[in-house]
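Thank you for making time this morning. I would like to walk through one model with you, so please have a look at the sequence and the structure before I go on.

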Amino acid sequence: MDYRIATPADREDAIDFANYVFSQAHRPHDFKKLLPKEYADHVLGEAVHYLACREDGHIRAMVADRPMQMRMGGETLRIGFVGTVSVHPYARGEGHMKHLMQMMLDDAQEREFDLLALGGLRQRYGYFGFECAGVAAAYTITETNVRHALREIDDSAIRFTELTNSDPRGMDFCWKLANARKIVCDRPRDAFLDVMHSWESRMRVIRDGETPIGYVMGGASKPRLEGHIGELGLKNEGDLPRIIKALFREDGMTAFTLSVAPYEIERAAKLGAFAEHVQLVPQECIRVLNWAHVLSAALSLKAEYAALEDGETVLTIGNATYALAVKDGKASVSPTNAAPDRVLSEMEAIRALFGVESAFYRDRIYHDWLPLPMYFSSADTF
């Protein structure tokens, strides 16, 4: 078996292999269409980092990661999104995924990533130190909610147009609005549509008459279906009820879900007034490689949108100890030799600080800081 980091010359073989494996396990897959930001023909081969296992020249297993920069809390984290983890049906149980995942972790350490993230079965990736993290509020809005709660809302001026490269003004507007999010990953302007078309999502400009006021990624592909809004960017949150009502009119949906980030407080309040129900849901599974940097970014962001109480907590996480502090609305994280208030494994720390259950903690050593924010838009994930 030949385990190695793939080269750009391996790219087409890797895509063909992924298409075969995922089509066998699920519905037919064409990754060039499903994830154009990674696999479209015009994307450079270096955009995705492959690790592959070959036998007699044929790929038997593959892991990929997409290196990105994520802006959060005034800091920039180096993050790797892990995806397209695949093993040939005839080669399962031979240990190839374990070998490649460990190679990927070693490689990420060498490239000095701060954080790794992936979607997948919790226990499967728990063997490699990944744990569920992030808290989002998933609101479900139905046509009944709209018919009753928004009956007096005038949405007649709202219209939606597909965003294309032939609309440079619309592209500039949406790109700037998308990149103004409090947590956002790399979205270069020349790749913006590829990013927003992830998983065959629609990307539309929202206009009030002729004036662009927002964008929507997702919706319903067919009338009378439940839809999913992957991302909704608005210049003014006051327009939310009009846009919600107009989306039902435009797409003919029976219901849709909208994920709200923890810092989108005004949006949560507006949706909470009429949505059918809301659930707290975890985001991706993460593995933290640079605890000091990730904690500093997350605590700093929390201090931006919440009035955190002053205090200090000392945590031992794995083999290192950190002092987390908030004073006069400013957050800081630094290594320390002080005695810890808690000793946690790395996976315990992810659950305690970033997990959904941390929203229910009443342990005073954490003050009122939890849960720390960790949020990934579906546009950014692998």
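In what order do the four strands of the open sheet run, and what is the sense of their pairing? This is a predicted model, and in it the order is β18-β17-β16-β19, with mixed pairing. The edge positions are taken by β18, residues 330-335, and β19, residues 342-344, each of which has a single partner strand, so that one side of each is left without a neighbour in the sheet. From one strand to the next, the twist averages 25 degrees.

Looking at one pair in detail, β17, which covers residues 320-327, is antiparallel to β18, and six bridges join them; within β18, Lys 330 is the bridge partner of Lys 327.

Let me turn to the helices on this sheet. Helix α11 packs on the sheet and touches β16, residues 311-317, as well as β17 and β18, its direction making about 170 degrees with that of β18. Helix α12, residues 346-354, also packs on the sheet, where it touches β16 and β19, and its direction makes about 115 degrees with that of β19.

Setting aside neighbours within four places in sequence, Trp 291 is in contact with Ile 317, Tyr 322, Glu 346, Ala 349, Ile 350, Leu 353 and Phe 354.

Note on methods:
Residues are numbered from 1 along each chain as its sequence is written. This is a predicted model: local features need pLDDT of at least 70, side-chain atom pairs count only at pLDDT 80 or more; totals for chains, interfaces and linings use all residues. Side-chain values use heavy atoms; hydrogens and water are left out. Contact means heavy atoms within 4.5 Å. Two strands pair if DSSP finds at least two bridges between them. Helices (H or I, at least four residues) and strands (E, at least two) are DSSP runs, numbered from the N terminus. Axes are lines fitted to C-alpha atoms, for helices over the stretch in contact, and angles run from 0 to 180 degrees between N-to-C directions.
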